[in-house]
Amino acid sequence: MSDSALPAHASVVVIGGGIMGCSTLYHLAGLGVGDAILLERNRLTSGTTWHSAAQVRALRHSRNLTRMIRYSVELYSRLEAETGQSVGWIGKGSLSIATTPDRLTHIRRQEALAHAYGVPAFAISAGEAKERWPLMNADDVLGAVFSPDDGRVSPSDVCAALVKGAKAKGARIFEGTGVTGILTGGGRIRGVETTRGTVMCDAVALCAGLWSREIGAMAGAAVPVWPCEHFYLLTKPVEGITGNMPTLSDHDGHLYIRDDSGGLLVGCFEPMGKPIPPGVLDEHFAFGLLPEDWEHFEPMMLNALHRLPVLEQAEVKMLLNGPESFTPDGMFMLGETAETRGLFLGCGMNSVGIASGGGAGMNLAHAIVNGHTAYDLSEADAMRFAPVFNSLEHLMARVPEVLGRHYEIACPGRQPKTARDLRRLPLDAEHRADRAHMGQFHGWERPLFFGKAHEPRPTFARPDWFDAVGAEVAAAHGAAAIFDASPFGKIEVTGPGAEAFLQLVCVRDMAREPGSAIYTALLNERGTYVSDLTAQRLAPDHYRLFTGTGAIARDLAWLRAHADGFDVTLQDVSEDFAVLALAGPEAARIVSAVGAPELCALGFFRCGSARIAGRAVQAVRMSYVGEAGWEIACRAADASAVYAALRAHGAVPAGLYAQTSMRIEKGFAAMGHELDGDVSPVETGLDRLAKPGGFIGAEALARRRARGARSLVTILFDDVEAVPLGHEPVLREGKIVGQTTSAAFGYRIGRPVALAHVTPAIDGAAVEIDIAGEGFSGRMQFAPAFDPPGLRMRGVVS
């Protein structure tokens, strides 16, 4: 299958011949990149793809991930007609059972989500589940959800079809060709060195699965993926299995089960996996397997015997133990790296490579050719991880837990237990002294709430921290609270060209006088969000940008990509400064008492310098929680002194849960929730803030304004006992018209509240929200749920 001689140049070199590499090559060729080549060190499908259980389940936790896998299903079905190569599609559906009340809620939430995304799924009784899987012990089953369009494929056949289709369009494949180095220059890809010579190129698609971290390092890029052992049991033919059956998902038992050649395939994602030590998967590991480990598999075997009593008499064919690669958060990596332009990642598939591969390869090819994925996949952004996660020590600790969380019940507030305390805030000791319950964000340990008495119990009901968060909101609303916003990304923009540069990349008018603060969007050429941030103009040639915690690498890379031709310097200073958000009617009294009364003279969105506890601070009068106050920045080393002074005069600590509740009440949109690469300021109602033109995305925004309309609304629930979490379908007159994006209990309004994108958005219209199959009535409105006529602080007139 390999061509004999490498070309001197290829537009794109794809590294890796598994499902991701084959799919990416196929789609590059389909987009007209006829000189693209694929390099495989061994043979196609070696590594992980060949031994995949190859399940294809469409439903995922977001609309676009679901859309991506549905594309995979459509692709696999048409490949056979296009190439004449069978892909072995067996479409018998999937059956998810629940044996605990929380799991039942979980699968019912999934059913509701499926309806919102147009995926066929319906709830069935335990008896009906037993009819669909007669060999199953259903005595402890509470209910089930059946998804008829799911299925499975033959992984080797799928790759063969993709390669056949790619070669028909001019692409070439080189097996037995190992990568020995990657050439870079000027911060971008120049070529690839191999065991058969060097090929120069414009871009590299790194789809090397288990070996992606090693190859990424050749190009100076961090690729935090690491392999774990993954087990499934194969039996010889079993009486009672005739033909094909749905894939049975017993996630309470950590199991997936299906028929296989008249026998059974029983796979697991055990609660804590086994990482593979360095050096085991060397260049000679191709179609190999790891040793059977019956001691490790035994608890899962006991679960399987309970679910399938027939296993007691079944003859075991083998316990397959093959390597799978995982990332620190369980989501694959897709897109260009922050460190090296032209290096695109398609790896870390977390055991869903076959299901995702068709759509993920299409999106990766689209990103290489067009500069962006076909639709927003920011949750899989290759730039999302803090560098600290690429540590071998941290990966070895985290990925076994990631494997074990594959079938975890998606209760809100879940936090990893491994690889913690990687990055501590300047006020970490103070927060822990106040019994903060911490959550990990971009490696930072950040307070979620204070006064923790015990480990919170995961639940879909009202959480046990409800009252603690309510007290923090009450403090911010009735007196004063401090929110630690130090994890913000912070970027210095300096130089004579700073204003002109920011005028190009920002939607708002950045030509404001020093002392101004500006909330602005960054848009792409399609007029949709790249990011949103706040800029403070500290001097004519100096701006400081504050962006999202996990967005720093992405935003900095995007800004640098557009800085050519400007006399400007961009610098990441995220760890140099702490930020304390002081909010509430007592905030003015407190800043005056700590020696910074001049801050009270600042108008809204004005910034100025002062001293607190003898330390220099830079404060801006603004609030993310709908209460008057300031965001106060200081050197990280000065944070303890500034914080102690504010606390001494009555400010109390508040965490992220309180901030989120108050943000939603105030109707403030957030990246990754209400804002993403598919949404423009038109849909959020913020296009009114844009300057007339002259910024990236201006023309596209004007076109969207001409044909589009606002879709972002606030939803007020009628039932105070409802517990929305976000991602619930919104119905009007019995039809799904949208989906919630963020939700919480609104303590200041005394009821649950959500933000949602709804089409058409009708101010004041009645709606129903589907929470795990139960409808809750509410009303949509454009106005925020909590919007006082003026944000006032005691003792301040503005």
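A salt bridge is a side-chain nitrogen of Lys or Arg within 4 Å of a carboxyl oxygen of Asp or Glu. The structure holds 38 salt bridges. This is a predicted model in which local features need pLDDT of at least 70 and side-chain atom pairs count only at pLDDT 80 or more, while totals for chains, interfaces and linings use all residues. Residues are numbered from 1 along each chain as its sequence is written, and side-chain values use heavy atoms, with hydrogens and water left out.

**Exercise 1.** Describe how helix 2 and helix 5 pack.

*Solution.* Two packed helices are described by the angle between their axes and the distance between the axes.

Step 1. Axes are lines fitted to C-alpha atoms, for helices over the stretch in contact, and angles run from 0 to 180 degrees between N-to-C directions. Helices (H or I, at least four residues) and strands (E, at least two) are DSSP runs, numbered from the N terminus.

Step 2. Helix 2 is therefore oblique to helix 5. Angles under 35 degrees count as roughly parallel, over 145 as roughly antiparallel, 65 to 115 as roughly perpendicular and the rest as oblique.

Step 3. The contact (heavy atoms within 4.5 Å) brings Leu-75, Tyr-76, Leu-79, Glu-82 and Thr-83 of helix 2 to Val-158, Ala-161, Leu-162, Lys-164 and Gly-165 of helix 5. By class, this contact of helix 2 with helix 5 has six nonpolar, two polar and two charged residues. Ala, Val, Leu, Ile, Met, Phe, Trp, Tyr, Cys and Pro count as nonpolar, Asp, Glu, Lys and Arg as charged, and the others, Gly among them, as polar.

**Exercise 2.** Locate the partners of the salt bridge between Arg-43 and Glu-175.

*Solution.* Step 1. The closest N and O atoms of Arg-43 and Glu-175 are 3.4 Å apart.

Step 1. Arg-43 lies in the loop between strand 2 (37-40) and strand 3 (55-56), and Glu-175 in strand 8 (residues 172-175), so the pair, 132 residues apart, links distant parts of the chain.

Step 2. Glu-175 has a relative accessible area of 7% and is buried. Buried means under 20% relative accessible area, exposed over 50%, partly exposed in between (1.4 Å probe, protein chains only).

**Exercise 3.** State whether Arg-307 and Asp-140, which form a salt bridge, are buried or partly exposed.

*Solution.* Step 1. Their closest N and O atoms are 2.9 Å apart.

Step 1. Arg-307 is buried at 2% relative accessible area, whereas Asp-140, at 27%, counts as partly exposed.
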